[in-house]
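Hi,

Here's the structure I promised to send over. Have a look at it first, and my notes on the salt bridges follow below.

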Amino acid sequence: MSDNTRNDNPNDNRTATPAIFNNWERETLERLVFATVREQRAARRWGIFFKLSFLLLAFFAIWAYFDFNFGSSDIDALGRHTALIEIDGAIDDEGSGAADTVIPALNKAFSDPGSAAVVLRINSPGGSPVQAGIIVDEILRLKKGYPNKPLYVVVDEICASGGYYIAAAADKIYVNKASIVGSVGVLMDGFGFTGLMDKLGIERRLLTAGENKGFLDPFSPQSDKQKQHALEMLNEIHEQFIAVVRAGRGKRLKETPEIFSGLYWTGAKAVEMGLADGFGTVDTVARDVVKAEDIIDYTAHEGLPERVLKKFGASVGAGAVHSIYRGPVPSLR
């Protein structure tokens with residue numbers, strides 16, 4: 001048989017077998033190489049992640065250290081100065097108007113031997129009578145403990161209701177001519193949905209143990225007895241408010257029936273009525289009244305770690321749900 005004779009037998013795999021083995025080896029090697037590359041990439045990504053996490057934690061730790069320690073060392077090193085504490089926003093159980101925030105700052109400001117006076121700058125429409133009352137009680141206690149260290153209030157845009165409740169305990173109140181001052185009154189607000197529920201055919205199923213347990217439930221009709229009880233509570237809190245204003249302002253207050261009616265006035269009118277003592281800012285009070293131009297802020301400001309880590313959306317959602325289910329409460333605003 002000639003050497004050029006072709007082998008057309010399809011069952012003869014003697015020449016195909018080496019090619020198959022070569023392809024199998026190549027594919028296996030490619031898989032191994034790709035798997036190794038993937039593992040290296042994953043390891044590199046995890047390495048970068050852990051390094052960045054470590055750097056962020058180190059950054060927050062350093063910031064927190066300086067935030068909580070550096071400022072206090074500056075205060076301790078300064079001589080005679082005016083101590084400043086700010087209340088900005090609603091008087092509530094959170095934020096700069098909360099008793100748990102204001103009281104530690106007041107104690108630190110009064111107890112510092114270098115502070116010649118304490119200036120409380122207020123910009124608040126009001127809020128909780130409980131929080132305002134706690135702060136006032138602490139102010140009165142500190143004034144007895146430090147009789148030679150006066151407390152002045154400087155009003156920013158507004159000092160109304162619960163804000164003025166606190167301000168009335170000060171030795172003097174300074175305002176801007178256009179500031180909003182006053183609103184010595186109490187309110188309790190809410191909504192009633194009974195008429196809408198009747199139109200929509202919705203039935204309220206409220207079971208209580210106690211005749212008045214569903215007091216002022218927004219989905220139930222309001223009874224005259226419950227309304228009268230609520231008004232009595234508001235009047236009682238109002239009288240507490242009036243007593244604080246009268247004790248704090250004394251003979252300076254030019255009483256008229258309107259002063260305790262819940263109305264508010266401009267700063268200029270407030271000075272005429274004895275609700276305030278004069279015009280001034282933090283700087284002018286520190287310079288001209290206290291005679292200590294150096295101002296040190298004792299306000300408990302929220303640090304960067306708290307601002308970053310706080311889940312704002314969750315906080316707002318929880319607050320909304322809480323406000324819906326806790327029902328109407330007395331408010332100085």
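Let's start with Arg141 and Glu138, whose side chains meet in a salt bridge at 2.6 Å, N to O (a salt bridge being a side-chain nitrogen of Lys or Arg within 4 Å of a carboxyl oxygen of Asp or Glu). Before I go on, bear in mind that this is a predicted model: local features need pLDDT of at least 70, side-chain atom pairs count only at pLDDT 80 or more, and totals for chains, interfaces and linings use all residues. Residues are numbered from 1 along each chain as its sequence is written, and side-chain values use heavy atoms, with hydrogens and water left out.

Back to that pair: Arg141 and Glu138 sit three residues apart in helix H3 (residues 129-145), so about one helical turn separates them (helices, H or I, are DSSP runs of at least four residues and strands, E, of at least two, numbered from the N terminus). Glu138 is buried at 13% relative accessibility, while Arg141 is partly exposed at 45% (buried is under 20% relative accessible area, exposed over 50%, partly exposed in between, with a 1.4 Å probe and protein chains only).

Next, Lys143 and Asp171 form a salt bridge at 3.6 Å, N to O. This one links distant parts of the chain, 28 residues apart: Lys143 is in helix H3, and Asp171 is in the loop between helix H4 (162-167) and strand E4 (172-175). Asp171 is partly exposed, at 29%.

Arg287 also pairs with Asp288, with 3.0 Å between the closest N and O atoms. Both are partly exposed: Arg287 at 39% and Asp288 at 40%. Elsewhere, shared partners join Arg249, Arg252 and Asp277 into one salt-bridge network. The total for the structure is eight salt bridges.

Cheers
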